[in-house]
Amino acid sequence: MVRMPLTPAEVERGERLGALLRRARGDRSMLSVALDAGVSPETLRKIESGRVATPAFSTIAAIAGVLHLSLDAVWAEVEPAREVGRPRVAS
């Protein structure tokens, strides 16, 4: 399977996600958050650095749960507001 290159919007969204998770993690170690979420520390590091711009939903749900973030709050911060009246196009 060939993976399509990420769009600039997807890269930016990944960077916003990483920044949000770093802020929410605060002083907690990356290792403890990753282990509590059931993901590898390397996976969390890559997400936080923006290297994995489109992580699996289950991965983000697990990390968000450990950090006490609602998925609605994550989405609101990661996905920029859309113009009113513009329909969303599925990607």
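The model is predicted. Helices α1 and α3 pack against each other at an angle of about 120 degrees. The largest nonpolar core holds 16 residues, and its largest share, four residues, comes from α4. A search of the whole structure finds five salt bridges.

**How α1 meets α3**

- Two numbers describe a pair of packed helices: the angle between their axes and the distance between the axes.
- Helix α1 covers residues 8-25 and helix α3 covers residues 41-49. Their axes are 6 Å apart, and the angle is about 120 degrees.
- On the α1 side, the residues in contact are G14, L17, G18, A19, L21, R22 and R25. On the α3 side, they are L44, I47, E48 and S49.
- By class, this contact between α1 and α3 has five nonpolar, three polar and three charged residues.

**E48, a buried charged residue**

- E48 sits in helix α3. Is E48 buried or exposed? E48 counts as buried, because its relative accessibility is 4% and the cut-off for buried is under 20%.
- Leaving aside neighbours within four places in sequence, E48 is in contact with G18, A19, L21, R22, R25 and M30.
- One of these contacts, R25, is also the salt-bridge partner of E48. The N to O distance is 2.8 Å.
- R25 lies in α1 and E48 in α3, so this pair ties together parts that are 23 residues apart in sequence.
- R25 is buried, and so is E48.

**Helix α4 and its two faces**

- Helix α4 runs over residues 57-66. Its buried residues include T59, I60, I63, A64 and V66.
- Why do these residues lie on the same side of α4? They cover an arc of only 160 degrees around the axis, which puts them on the same side.
- The face turned away from the buried side carries the exposed residues F57 and S58.
- The buried residues of α4 pack against α1, α2 (30-37), α3 and α5 (71-78).
- T59 belongs to α4. T59 counts as buried because its relative accessibility is 16%, and buried means under 20%.
- Not counting residues up to four places away in sequence, T59 touches V39, T43 and I47.

**The largest nonpolar core**

- In soluble globular proteins, nonpolar side chains tend to be buried together.
- Which of the 16 core residues touch the most other members? They are L17, L21, I47, I60, I63 and V74.
- Helices α1, α2, α3, α4 and α5 each give two or more residues to this core.
- I60 shows who meets whom. Leaving aside neighbours within four places in sequence, I60 is in contact with L17, L21, I47, P55, L71 and V74.

**Further salt bridges**

- Side chains of opposite charge can pair when their charged atoms come close.
- The side chains of R28 and D36 meet in a salt bridge, with an N to O distance of 2.8 Å.
- R28 is partly exposed, with a relative accessible area of 30%. D36 counts as exposed, at 52% relative accessibility.
- E42 and R45 form another salt bridge. Their closest N and O atoms are 2.5 Å apart.
- How many residues apart are E42 and R45 in helix α3? They are three residues apart, so about one helical turn separates them.
- An α-helix has 3.6 residues a turn, so residues three or four places apart point the same way.
- E42 counts as partly exposed at 36% relative accessibility. R45 also counts as partly exposed, at 32%.

- Most residues other than glycine have a negative phi.
- H68 has a positive phi of about 60 degrees although it is not a glycine.
- Where is H68 placed? H68 is in the loop between α4 and α5, just after α4.
- H68 is exposed, because its relative accessible area is 72% and exposed means over 50%.

Terms used. Residues are numbered from 1 along each chain as its sequence is written. This is a predicted model: local features need pLDDT of at least 70, side-chain atom pairs count only at pLDDT 80 or more; totals for chains, interfaces and linings use all residues. Side-chain values use heavy atoms; hydrogens and water are left out. Axes are lines fitted to C-alpha atoms, for helices over the stretch in contact, and angles run from 0 to 180 degrees between N-to-C directions. Contact means heavy atoms within 4.5 Å. Ala, Val, Leu, Ile, Met, Phe, Trp, Tyr, Cys and Pro count as nonpolar, Asp, Glu, Lys and Arg as charged, and the others, Gly among them, as polar. Buried means under 20% relative accessible area, exposed over 50%, partly exposed in between (1.4 Å probe, protein chains only). The arc is that of the directions from the helix axis to the C-beta atoms. A nonpolar core is a set of buried Ala, Val, Leu, Ile, Met, Phe, Trp, Tyr and Cys residues joined through side-chain atoms within 4.5 Å. A salt bridge is a side-chain nitrogen of Lys or Arg within 4 Å of a carboxyl oxygen of Asp or Glu.
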